[in-house]
Amino acid sequence: MSRSRLLSCSWCGREIVDSESGRRRRYCRQSCRQRAYEHRTSLKGTGIPEDAVVLTAQEAADLADRWFAARCAAEDVATAVAEGADQAELAQLSATLVQLTKEAERLR
């Protein structure tokens, strides 16, 4: 019986499912593998570590926006709990929070 494990793409951060057998996958798609290779080769001779994550200004702003949205959703959950919201409302707010935090995990 093979069990699968949930991993994140080393380039974009999207979830990938990997099986217990074989080599562990690092990328969700060939295009992510290619972008990671291009990134590593562009850093050669710069003194920047190969495993460094370099984001454009737009990518950094997008990441900050995703984390801000996740924080706002967490505050909505806290407010709903403090105000005694019902189970259905809390379930919906929690689902939104989980989705936003998954999106926020992506670096690009």
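How many residue pairs, both at pLDDT 80 or more, are in polar contact between domain 1 and domain 2? The count is zero, a polar contact being a pair of N or O atoms within 3.5 Å, where within protein one must be able to donate a hydrogen and the other to accept it, and residues adjacent in sequence count only if both atoms are side-chain atoms.

This is a predicted model, in which local features need pLDDT of at least 70, side-chain atom pairs count only at pLDDT 80 or more, and totals for chains, interfaces and linings use all residues. Residues are numbered from 1 along each chain as its sequence is written, and side-chain values use heavy atoms, with hydrogens and water left out.

View 1. Six residues of domain 1 are in contact (heavy atoms within 4.5 Å) with six of domain 2.

**View 2. The salt bridge between Glu15 and Lys102.** The N to O distance is 3.9 Å; a salt bridge is a side-chain nitrogen of Lys or Arg within 4 Å of a carboxyl oxygen of Asp or Glu. Between domain 1 and domain 2 the count is one salt bridge.

**View 3. The salt bridge between Glu38 and Arg35.** Their closest N and O atoms are 3.0 Å apart. Glu38 has 35% relative accessibility and Arg35 a relative accessible area of 34%; both are partly exposed, the class between buried (under 20%) and exposed (over 50%), with a 1.4 Å probe and protein chains only.

**View 4. The salt bridge between Glu75 and Arg71.** The N to O distance is 3.9 Å.
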